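Subject: Structure handover

Hello,

Here is the structure I said I would pass on. My notes on helix packing and on a pocket follow below it.

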Amino acid sequence: MAIVLSAIMLLSLVACGGSSSTPVSSSPAASVPQEAPSSAAPVEAKKKIGMCAMSLAFDFQIQMSDGIERAAQENGYEYMVYDYNGDAEQMLSGLETLAASDVGAMYGLFMAPESATSFMKSHPEIGVLTQGEIVDGAQACTENDYIALANQFVESLDRYVTEKGITKGDIAALWLETCENEDSDYYDAKEDIKAVIEQWCEGKDFNFVSEFYPKDDEEAANMTAQILNATPDVKFFFCFNNGYAIAAANEIGAAVSDASDYFVFSSEGDPESFRLIDSGTSAYRACAYMDIEASGYEVGKQLINWVENGKLENVVVSKDLVDSSNVKDYLG
C-alpha cells in the first residue's frame with residue numbers, strides 16, 4: 001500500500017506540474033500575436049498624411065489637396081483632409097483631429113500661426129509643411145518669390161496701359177484674410193508686393209489707394225462693388241486669390257458697360273482664368289500661373305518623406321506670367 005500510495009502521489013505531482021506549466025508556455029506564445037499588432041499598428045496608422053485646409057471653397061486649396069492625395073494614393077498612404085473654413089478655433093480642432101487620427105505628417109495653411117505653433121511643439125512627431133511660410137514649430141514650407149510676383153503684376157499692367165494708351169488710374173488690392181495678421185509671413189508678403197507696386201507708380205499718374213481682406217469669393221465681389229461705387233478712379237485690381245480675381249472681373253462686367261479700361265490680375269491661374277483672359281471682353285487680363293496640383297503632389301511626397309525618413313524639405317514654387325500675349329499656349 002505504501003508503494004501504491006507513493007506512486008499515486010508522484011503521478012499527482014507530475015499532473016499538477018503539467019497543468020501549471022501550460023499557461024506559462026502558452027502565455028508568451030499567446031502574447032506574441034497580441035503584441036505584434038499593437039506594436040505594428042502605429043506604423044500602419046502612421047502611413048497616413050493629411051491637410052489642414054483653411055477653406056476648400058478656394059480653388060487653390062482644392063488643387064493642393066488633389067495633388068497631395070495623388071501622392072498618397074501612388075505610395076500606398078491614407079489621406080485625410082480637415083477643412084476649418086477660416087475659423088481659428090476650428091483650425092485647432094482640426095489639428096487635434098488629424099493628430100488623433102494618427103496622421104504622420106500634414107500640410108497646412110494657418111490663419112492663426114501662433115496657435116498652430118503650440119500644437120506643433122506638443123506634437124513633434126508629426127511633420128508639418130506650411131504654405132508660403134515656415135511657421136514656428138513646422139519643419140518646411142512652400143517657397144514663393146513675392147517680389148517676382150509683384151513684378152509680374154506691374155509688368156503686365158504696364159504693358160496693358162501702354163497698349164491702351166491709359167495714362168492714369170488707381171489700384172486696389174484684394175488680399176487673403178491672413179495677410180492682415182501682422183504675425184504672419186503673409187503680412188510681410190503683402191507689404192513686399194505693395195512696395196513694388198508703389199515704386200512702379202512713382203512719377204506716374206497711378207496710385208495704390210485701397211486694400212481689402214475678403215473671407216471668400218462672394219465677399220470679394222461685394223467689396224469690388226463697394227470700391228467701384230466709392231472710388232470710381234480705381235481701374236486696376238491685384239487679387240491674391242484666383243477666385244477673388246474672377247469675382248472682381250465679373251462684378252466689373254456687371255457694373256460698367258465698357259470694361260476696356262479695367263485690369264484685374266491674379267496671383268493664381270486656372271483654365272477659367274485663361275478663358276477669361278483670352279476673351280478680351282473680361283476685365284481679367286493676367287495671372288501668375290503655377291501648376292497647383294503638381295505643387296501639391298510635391299508637397300505630398302515631402303510629407304511621405306517625413307514619415308519614412310524623418311526629413312522634410314521646402315517645396316519651391318515657380319509661376320509663369322500669363323496674359324493676352326501668351327494665353328493661347330495655356331488653353332486646352
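This is a predicted model: local features need pLDDT of at least 70, side-chain atom pairs count only at pLDDT 80 or more; totals for chains, interfaces and linings use all residues.

The crossing of the pair is right-handed. On the α7 side, the contact is made by Asp 217, Ala 220, Ala 221, Thr 224, Ala 225 and Leu 228. From α8 come Gly 243, Tyr 244, Ala 247, Ala 248, Glu 251, Ile 252 and Ala 255. Sorted by class, the residues of this contact are nine nonpolar, two polar and two charged.

The next pair is α3 and α4. Helix α3 spans residues 88-100 and α4 spans residues 113-122; the angle between them is about 20° and their axes are 10 Å apart. α3 and α4 are therefore roughly parallel to each other, and their crossing is right-handed. Met 91, Leu 92, Leu 95, Glu 96 and Ala 99 of α3 meet Ser 115, Ala 116 and Phe 119 of α4. By class, this contact has six nonpolar residues, one polar and one charged.

The axes of α5 and α6 (residues 185-201) come within 9 Å and cross at roughly 35°. Here too the crossing is right-handed. The α5 residues in the contact are Tyr 146, Ile 147, Leu 149, Ala 150, Asn 151, Phe 153, Val 154, Leu 157, Asp 158 and Val 161. Their partners on α6 are Tyr 186, Ala 189, Asp 192, Ile 193, Val 196, Ile 197 and Trp 200. The residues of the contact of α5 with α6 divide into 14 nonpolar, one polar and two charged.

Helix α5 also takes part in the largest pocket, where α5 (146-164) and α2 (59-74) each supply at least two residues of the lining. The largest share, four residues, comes from α5. The volume of this pocket is about 300 Å³. Which of the 22 lining residues are the closest to its centre? They are Asn 144, Tyr 146, Phe 240, Ser 267 and Lys 319. Of these, Tyr 146 is also listed in the contact of α5 with α6.

Regards

Notes: Residues are numbered from 1 along each chain as its sequence is written. Side-chain values use heavy atoms; hydrogens and water are left out. A crossing is left-handed if the near helix is turned anticlockwise from the far one by less than a right angle, and right-handed if clockwise. Contact means heavy atoms within 4.5 Å. Ala, Val, Leu, Ile, Met, Phe, Trp, Tyr, Cys and Pro count as nonpolar, Asp, Glu, Lys and Arg as charged, and the others, Gly among them, as polar. On a 1 Å grid over the protein atoms alone, a cavity is a set of points where a 1.4 Å probe fits but cannot get out, and a pocket is an open set with protein on both sides within 12 Å along at least five of seven lines; lining residues have an atom within 4 Å of a point. Grid points are joined across faces, edges and corners, and a volume is the space filled by probe spheres set on the points. Axes are lines fitted to C-alpha atoms, for helices over the stretch in contact, and angles run from 0 to 180 degrees between N-to-C directions. Angles under 35 degrees count as roughly parallel, over 145 as roughly antiparallel, 65 to 115 as roughly perpendicular and the rest as oblique.
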